[in-house]
Amino acid sequence: MRGFFSLDGPLYSFLSKMADFLILNVLFIVCSLPVFTIGASYTAMSYVTLKMKEGDEGYVFKSFFKSFKENFRQGTGMWMICLAVGFVLGIDLYILHNGEGTYVSVMKVAVLAALVVWFMVVSWAFPLLSRFVNTVKVTLHNALLLSMGNAPRALAFTFVCFASVYVTLYNAQTLSIGLLLWLMFGFSVLSFLNSSLQYKQFKMLMPEEKQEITSDMDFRIGDETEDPADSDPDKTE
């Protein structure tokens, strides 16, 4: 019983992890309030949760703002692109919502499928930006290929996210409880889940741990040859 309540015990470990999730969640929400900073904030949160998965999270506050600062320009630019595409698809779906006929039904399915693919790409793009040095164009290209190549995991994460939102909005009672959970842990826990699903692929793409790295490799998928616009020394080049 003493071991259970000790500093090395499972209870302390669990409470410490939940405290990290709470801090990370608050940081993500606060730094996302201007809306245009959501990309940089999501990138920073992904950076921390990937480190958590590796067992090397360190200080959440310090790691978050390190990544937020280093990826602010690219993260913001990539978020604006993703937001514009998502907005167009959302408008298309809204226009088709009350339509009837076979053609409209086919178009609804096509737009919904495009929205799912869009979400899958977004869920890969910002974690990739947090760990690899590349241009926005290359990062989005890689995110598309990786999300398609890991479709079962990407679809599973998409389903969990959409189901979480649906349950939250189900009725007034679930809305009040759901909003509280989202404010406390929701975003950071989902980010950790996403990192857990992506970790195996990331580990295959990154150099061996504890290896002295200066300019080890360029992470590219395809024939893109643009120079990276970022020089984060902690990222894979």
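1. Buried here means under 20% relative accessible area, exposed means over 50%, and partly exposed lies in between, with a 1.4 Å probe and protein chains only. At 27% relative accessibility, Lys66 therefore counts as partly exposed. Buried residues account for 40% of the 237 residues in the protein chain.

2. The model is predicted: local features need pLDDT of at least 70, side-chain atom pairs count only at pLDDT 80 or more, and totals for chains, interfaces and linings use all residues. Residues are numbered from 1 along each chain as its sequence is written, and side-chain values use heavy atoms, with hydrogens and water left out.

3. The protein chain has nine helices and zero strands. Helices (H or I, at least four residues) and strands (E, at least two) are DSSP runs, numbered from the N terminus. Read from the N terminus, the order is α-α-α-α-α-α-α-α-α.

4. Two salt bridges turn up in a search of the whole structure. The criterion is a side-chain nitrogen of Lys or Arg within 4 Å of a carboxyl oxygen of Asp or Glu.

5. One of the salt bridges pairs Arg131 with Glu54, with 3.3 Å between the closest N and O atoms. Arg131 belongs to helix H6 and Glu54 to helix H3 (residues 38-54), so the pair ties together parts that are 77 residues apart in sequence. Arg131 is buried, because its relative accessible area is 9%. Glu54 is partly exposed, at 27% relative accessibility.

6. Lys66 forms a salt bridge with Glu70, and the closest N and O atoms are 3.4 Å apart. Both residues are in helix H4 (residues 60-70); they are four residues apart, so about one helical turn separates them. Glu70 is partly exposed, with 28% relative accessibility.

7. Two packed helices are described by the angle between their axes and the distance between the axes. Axes are lines fitted to C-alpha atoms, for helices over the stretch in contact, and the angles run from 0 to 180 degrees between N-to-C directions. Angles under 35 degrees count as roughly parallel, over 145 as roughly antiparallel, 65 to 115 as roughly perpendicular and the rest as oblique. A crossing is left-handed if the near helix is turned anticlockwise from the far one by less than a right angle, and right-handed if clockwise.

8. H3 and H4 pack with their axes 8 Å apart, at an angle of about 135°. The two helices are therefore oblique to each other. The crossing of H3 and H4 is right-handed.

9. For H5 and helix H6 (residues 102-131), the axes come within 10 Å and cross at roughly 165°. That angle makes H5 roughly antiparallel to H6. Their crossing is left-handed.

10. Val35, Phe36, Phe72, Met80 and Leu83 make a nonpolar surface patch of about 400 Å². Patches consist of residues with over 30% relative accessible area and no salt bridge; like charges are joined within 9 Å, and nonpolar side chains (Val, Leu, Ile, Met, Phe, Trp, Tyr) within 5 Å. Accessible areas come from the Shrake-Rupley method with a 1.4 Å probe, and for residues only the protein chains shown count as cover. Phe72 sits in helix H5 (residues 72-97) and is partly exposed at 31% relative accessibility.

11. Phe162 is in helix H8 (residues 151-168). Its relative accessibility is 47%, so Phe162 counts as partly exposed. Phe162 and Val116 are 46 residues apart in sequence, with 9.9 Å from C-alpha to C-alpha.
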